Amino acid sequence: MSVLDVIRIRRSVRKYRSDPIPDDVFDRLLEALRLAPSACNNQPWRFIVVRDPAAREAVAHASRDQMFIAQAPVVIVGCGFPAKAYQRMGGYGNSVDIDLAIALDHLMLAAAEAGLGTCWIGAFDEQAVKQVLGVAEGAKVVALTPLGYPAEPDLIRSVETGRRKNRADVVAFDRF
Ligand SMILES: Cc1cc2nc3c(=O)[nH]c(=O)nc-3n(C[C@H](O)[C@H](O)[C@H](O)COP(=O)(O)O)c2cc1C
């Protein structure tokens, strides 16, 4: 499958089977995370692989009770160290959120290629997630995602049509 094919089939999955993820498949996903680019190659991140059912359930509760998160056999929690990230992106910004977003997107695309579902979760209580998982002082939780086989496999195969803006609405040539 080409990268564009994978981009076309990936979509947010909100119903999961509890089937385990084979080790060799999981290993490839962790490589996709690990090899992602980051500003100045700082790699200011730590990814928590949450497998314990009670911890998954607690993370789901801490994510505004989005309980489908706990259905998946694994939850990946992306944590970043703002102080270790590039500090002056564009002259003003800290790169940690972007660094984490790129790595998690790598994971999500690799997961889609393997027939696995993910769903970017941004609605969570950061302090609650930090407490559940013992996240260190100085680290922030940027995003998390359930990871598992979709309960409705057709979902992951359906190509996005009509749910995105037209190209002319989002791309400009030469000037804004
Ligand atoms: C920054 C961000 C935060 C999101 N937070 C949530 C969330 O908390 N819960 C959820 O179910 N989906 C969440 N989503 C998923 C979006 O709703 C979804 O990506 C969007 O509707 C497009 O659908 P698709 O992923 O199926 O293409 C989030 C996505 C992004 C990029």
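Contact here means heavy atoms within 4.5 Å. I'm noting that before anything else, and also that this is a predicted model.

**Entry 1: Ile121.** I looked up where Ile121 sits, and found it in the loop between β3 and α6 (126-133). Buried or exposed? Buried means under 20% relative accessible area, and Ile121 has 2%, so Ile121 counts as buried. Leaving out residues up to four places away in sequence, I listed what Ile121 touches: Ser63, Gln66, Phe68, Ile69, Ala143, Leu144 and Pro146. I also checked Ser12, which is 109 residues from Ile121 in sequence, while their C-alpha atoms are 9.7 Å apart in space.

**Entry 2: the sheet.** Next I traced the strands. Four of them make an open sheet, ordered β1-β2-β4-β3, with antiparallel pairing. Which strands stand at the edges? They are β1 (45-50) and β3 (117-118); each has a single partner strand, so one side of each has no neighbour in the sheet. For β3, I found two bridges to β4 (residues 140-148), and these two strands run antiparallel. Gly117 is opposite Gly148 in β4.

**Entry 3: helices on the sheet.** I then turned to α5 (residues 96-113), which packs on the sheet and touches β1, β2, β3 and β4. The direction of α5 makes about 5 degrees with that of β4. Helix α2 (residues 23-34) lies across β1, β2 (74-80) and β4, and runs at about 160 degrees to β1.

**Entry 4: a surface patch.** Last, I looked at Leu4, in helix α1 (residues 3-9). Leu4 is partly exposed, at 44% relative accessible area. With Val3 and Ile7, Leu4 forms a nonpolar surface patch, and together they have about 280 Å² of accessible area.

Terms used
Residues numbered from 1 in each chain as written. Predicted model: local features only at pLDDT ≥ 70, side-chain atom pairs only at ≥ 80, totals over all residues. Heavy atoms only, no water. Patch = residues over 30% accessible without salt bridge, like charges linked within 9 Å, V, L, I, M, F, W, Y side chains within 5 Å. Areas by Shrake-Rupley, 256 points an atom, 1.4 Å probe, with all protein chains shown as cover. Salt bridge = Lys/Arg side-chain N within 4 Å of Asp/Glu carboxyl O. Helix = DSSP H or I, 4+ residues; strand = E, 2+ residues; numbered from the N terminus. Buried < 20%, exposed > 50% of the residue type's maximum accessible area, 1.4 Å probe, protein only. Pairing = 2+ DSSP bridges. Axes fitted to C-alpha atoms, helices over the stretch in contact; angles between N-to-C directions.
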